[in-house]
Amino acid sequence: MREIRISGSGRAYVEDDAVLLESLRQIVPFQKEAKAYDMMVLALCTRGKAVFVVDGKVYKADRGRLVLIRPGSVVRFEEITARCEGIGIGFTQKFLQGAIVAYRDLWALLAGVQENPDFKLRSEEIKEIIRIHGHLYEACHVADHAFKSEMLHSYMQGMIYQLALIVSTHVKNWSVRNARHFELYYKFTQLVMDCFRQSRSVAFYAGKLYVSPKYLGMAVKSVSGKTANHWIDEYVTGEAKKMLRNSTVSVRQISDELNFPDASFFTKYFKKNAKTTPKAYRSRYQVAEP
């Protein structure tokens, strides 16, 4: 159970898929501009006040203010009162994709919220989100057992729907504006999951969807905010990480299974996307390579 870990600062991580924050101050250092997690983070102020800037836009948070922080956003806290308290829940887009990819309206809701990412919650909604956060945080502290990871991921999936139900009451119009783009995005992500071992080329997937690579890239970017190449690289790198964490097969064997020309090419690809080498990543989880 190396994937579930509690850091010294109180953050709780579930593999590379989620992070739970017990304080708004854990998002980025105070008065320093920094790139937030490569996750979609829901930050809820439960007490006091905070002023922070996300991608150049100023947000003033007080009790009950929920703000959605997009993956890779640049965040800077300008003011946090001494009494300010809050929590955060973050999910990678890859996890969200796997959890809710078949539910078009829920993806549309997330897309709509990204355009208007902050709103005021009612008292009962604040309590519900605090309860959800607390239950998952407690689950992370449960002693390791054979099904702990599966249990946490199942609970996380349920959490997404609970959070979506709360958020949906505050979003006036969250229909898909371009149904064709969404349909292509949905089919593309399904193909990536099915065919990532065959090809990492956008042209390959565009051909299967009978559109040009340029049009597919435009559709994927308009719906998800990420390029088609980014989605492919993120999925392949995620699979490589799981293999490095959960097995003792060699880097060369992983390279072969993921259809790379050789181990050297795979290592360069992994380092570019994971910011570390396969061997260095594996060493964090103490899995010896044969």
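**Loops, rings and a helix pair**

Visitor: Where is Y210?
Guide: Y210 lies in the loop between α6 and α7. Keep in mind that this is a predicted model.

Visitor: Buried or exposed, that Y210?
Guide: Y210 counts as exposed, because its relative accessibility is 75% and the cut-off for exposed is over 50%.

Visitor: What is the phi of Y210?
Guide: The phi of Y210 is near 60°, which is a positive value in a residue other than glycine. Most residues other than glycine have a negative phi.

Visitor: What about the phi of K275?
Guide: K275 also has a positive phi, near 65°, and K275 is not a glycine either.

Visitor: And where does K275 sit?
Guide: K275 is in the loop between α10 and α11, the latter covering 278–284. With a relative accessible area of 69%, K275 is exposed.

Visitor: Let's step back. How many helices and strands does the protein have?
Guide: The protein has 11 helices and 11 strands.

Visitor: How much of the protein is buried?
Guide: Of the 290 residues in the protein, 50% are buried.

Visitor: And what share of the contacts comes from residues 24 or more positions apart?
Guide: Taking the contacts with a separation of 6 or more, residues 24 or more positions apart account for 69%.

Visitor: On to aromatics. How many aromatic pairs are there?
Guide: A search of the whole structure gives 11 aromatic pairs. One to look at is F188 with Y205, whose ring centres are 5.7 Å apart.

Visitor: Why is F188 with Y205 called edge-to-face?
Guide: The planes of the two rings are at 85°, and edge-to-face applies over 60 degrees, so the pair falls in that class.

Visitor: Which helices do F188 and Y205 belong to?
Guide: F188 is in helix α5 (residues 179–195) and Y205 is in helix α6 (residues 202–209). The two residues are 17 residues apart, and the pair links distant parts of the chain.

Visitor: Are those two buried or exposed?
Guide: F188 is buried, at 0% relative accessible area. Y205 is buried too, also at 0%.

Visitor: Which residues form the aromatic cluster?
Guide: The cluster consists of F260, F265, F266, Y269, F270 and Y281.

Visitor: What sits over the ring of F260?
Guide: The charged end of R200 does, 3.7 Å from the centre of the F260 ring.

Visitor: And over the ring of W231?
Guide: There the charged end of K226 sits over the ring, 5.4 Å from its centre.

Visitor: Where is K226, and is it buried or exposed?
Guide: K226 is in the loop between α7 (213–224) and α8. With a relative accessible area of 8%, K226 is buried.

Visitor: How far is K226 from Q93?
Guide: Their C-alpha atoms are separated by 9.9 Å, while along the chain the two are 133 residues apart.

Visitor: Last topic: at what angle do α8 and α10 pack?
Guide: Helix α8 (residues 228–246) and helix α10 (residues 263–274) pack at about 105°, and their axes are 10 Å apart. The two helices are therefore roughly perpendicular to each other.

Visitor: Which residues make that contact?
Guide: From α8 the contact uses I232, D233, V236, T237, A240, K241 and L244. From α10 it uses F266, Y269, F270, N273 and A274. Among these, F266, Y269 and F270 also belong to the aromatic cluster.

Visitor: How do the contact residues divide into nonpolar, polar and charged?
Guide: Eight are nonpolar, two are polar and two are charged.

Conventions
Residues numbered from 1 in each chain as written. Predicted model: local features only at pLDDT ≥ 70, side-chain atom pairs only at ≥ 80, totals over all residues. Heavy atoms only, no water. Phe/Tyr/Trp six-rings, centres within 6.5 Å; stacked < 30°, edge-to-face > 60°. Helix = DSSP H or I, 4+ residues; strand = E, 2+ residues; numbered from the N terminus. Buried < 20%, exposed > 50% of the residue type's maximum accessible area, 1.4 Å probe, protein only. Lys NZ or Arg CZ within 6 Å of the ring centre and 35° of its normal. Axes fitted to C-alpha atoms, helices over the stretch in contact; angles between N-to-C directions. Parallel < 35°, antiparallel > 145°, perpendicular 65-115°, else oblique. Contact = heavy atoms within 4.5 Å. Nonpolar A, V, L, I, M, F, W, Y, C, P; charged D, E, K, R; others polar.
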